Amino acid sequence: MPPTLPSPTTVLPPLICGTATFNDQYNPDPYALPTTAIVHEALSLGVRAFDTSPYYGPAEDLLGTALDTPFVRQNFPRSDYFLLTKIGRISGDEFDYSASWVRHSIQRSLERLHTSYLDVVYCHDVEFVSPQEVLTAVKELRRIRDEAGVIKYIGISGYPVATLCELAEMIKEETGEPLDVIMSYANFTLQNTMLASVALPRLKAAGVKVVPNASVLGMGLLRRKGVPIGAKGDFHPSPKELRTAIQAASDWSDKQDINDKRLEKVAIRWALENWMREGADVGSRGDPASGIPWTRENIEKYGGNKLGVSVMGVSSIEELWETMRVWRSILDGLADGEKTAIDSGRGTDERAWSLNRQKEVQTLATGIRNVLGTWVDYAWPSPPRGFVNQRSAPGVPAPLPTPAASPDPVPKQFSNTGSPDMRRLPPL
């Protein structure tokens, strides 16, 4: 990281809106989703970071279309929000980490997202290629950062925590410069907490600044109705036996005499709340989206500590509202949460509710993990056994589909200052 850049721990928001859901893996038709309305509403509710990838089908185009609107240009300067994207993964069985493809991918992402720079660029799903390929891509990203100035922070993402640790250590040893950010997914959930128990000590020792936790539902595994089925069918890599254990845990939770006991509700709150604390050492002090009206927030301004960073994807406005209600309730329950609850207008009653809900969720989480038994901290193989990269000509761009238009956004209300209306969310 160049010395002129602030550390990502001081600027990245602890809540990032993920756009993997803007994809036909999770939804039958991503073009039918109200993606522009989701992005606009997220910004209006204080969300200041968006994670995407060329691998997520039309997600980059849909996000870029939502950002390239008068509503965003007039109310949210580019410096007010963060864009995180990725390079290297082209399809389910095709990867290209060559320097020429890295350059092509960066230029394409800049164009799709209608931006002159990218805040974070990850090498996507690094376990599918060799360490040398990852090193080549990281070096090229750093060259682009230093010479062109269109990238700020560089990192890697993937599933096996051991691989993430090994690559972080190797890159620091080979280049003398640690990675800025490493994103792990499905490794700090109700079912699997190895990001905290196994990876964190090694990643911190390797000098990694920020470790976002993504996919708190384990790619949709931790849901009462099972894994999501999109246009591509059942893509989830979990074995049948694990799915059966998850269903048994969901059934157990449904029988408990506690409100909001549905598996996904427990799983989301438990992961967000616990990673906020467990991941604080590799967290951030950016805008926490706590809902304090008309304020550009920074955790330090309110006397708080770093918060573990989470990535949350949604497919509807209603899911976004629910996510923000849970997130803000968790903030109200922190050690310094009383001031946040009062300043945001939610009040001390909401803080008391948050503390009580924290106890309920912990009780349910303990029971769910007891039901899962030996499946706790199980990780499916990634890449799958026998995987072969089908990329036959590295550096040659593949043809890409042309996206359709997103549905019309939800109209916004404006105050007499011209700023977006920071509406309160419906009550919990």
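Author: Histidine 124 lies in the loop between strand β6 (118-123) and helix α6 (131-148), where helices (H or I, at least four residues) and strands (E, at least two) are DSSP runs numbered from the N terminus. The model is predicted, so local features are given only at pLDDT of at least 70 and side-chain atom pairs only at pLDDT 80 or more, while totals for chains, interfaces and linings use all residues. Residues are numbered from 1 along each chain as its sequence is written, and side-chain values use heavy atoms, with hydrogens and water left out.

Histidine 124 counts as buried because its relative accessibility is 4%; buried means under 20% relative accessible area, exposed over 50%, and partly exposed in between, with a 1.4 Å probe and protein chains only. Leaving out residues up to four places away in sequence, histidine 124 touches Ser53, Tyr55, Tyr56, Lys86, Ile87, Arg89, Phe95, Tyr97 and Ser157, a contact being heavy atoms within 4.5 Å.

Aspartate 125 also lies in the loop between β6 and α6, and aspartate 125 is buried because its relative accessible area is 5%. Apart from residues up to four places away in sequence, aspartate 125 touches Arg89, Phe95, Tyr97, Ser157, Gly158 and Tyr185. Arginine 89 is 36 residues from aspartate 125 along the chain, yet their C-alpha atoms are separated by 7.0 Å.

Most residues other than glycine have a negative phi, and most peptide bonds are trans. A positive phi near 55° is also found at histidine 114, which lies in the loop between α5 and β6, and which counts as partly exposed because its relative accessibility is 46%. A cis peptide bond, with omega about 5°, joins serine 382 and proline 383, and proline 383 is found in the segment after α13.

From here we can turn to helix α3 (residues 59-67), which is mostly covered, with eight of its nine residues buried. The cover over those buried residues includes α2 (35-44), β2 (49-51), α4 (70-75), β3 (82-87) and α5 (99-112). Leucine 67 is found in this helix, α3, and leucine 67 counts as buried because its relative accessibility is 4%. Beyond its neighbours within four places in sequence, leucine 67 is in contact with Val39, Leu43, Val72, Arg73, Tyr81 and Leu83, and its C-alpha atom is separated by 7.5 Å from that of leucine 113, which is 46 residues away along the chain.

The wider interior can be described through its nonpolar core, a set of buried Ala, Val, Leu, Ile, Met, Phe, Trp, Tyr and Cys residues joined through side-chain atoms within 4.5 Å. The largest such core has 123 residues, of which Ile106, Cys123, Val134, Leu141, Ile156, Leu190 and Leu203 touch the most other members. Helix α10 (residues 263-278) gives this core its largest share, nine residues. Leucine 203 touches Leu164, Cys165, Ala168, Ile182, Leu195, Val208 and Val211, if residues up to four places away in sequence are not counted.

Two packed helices are described by the angle between their axes and the distance between the axes. For α10 and helix α13 (residues 348-372) the angle is about 110° and the axes are 9 Å apart, where axes are lines fitted to C-alpha atoms, for helices over the stretch in contact, and angles run from 0 to 180 degrees between N-to-C directions. That angle makes α10 roughly perpendicular to α13, since 65 to 115 degrees counts as roughly perpendicular, under 35 as roughly parallel, over 145 as roughly antiparallel and the rest as oblique. Among the residues that make the contact are Trp270 and Arg277 of α10, and Trp353 and Ile368 of α13.

Finally, the chain as a whole has 13 helices and ten strands, and 58% of its 428 residues count as buried. Among contacts between residues at least 6 apart in sequence, 79% join residues at least 24 apart.
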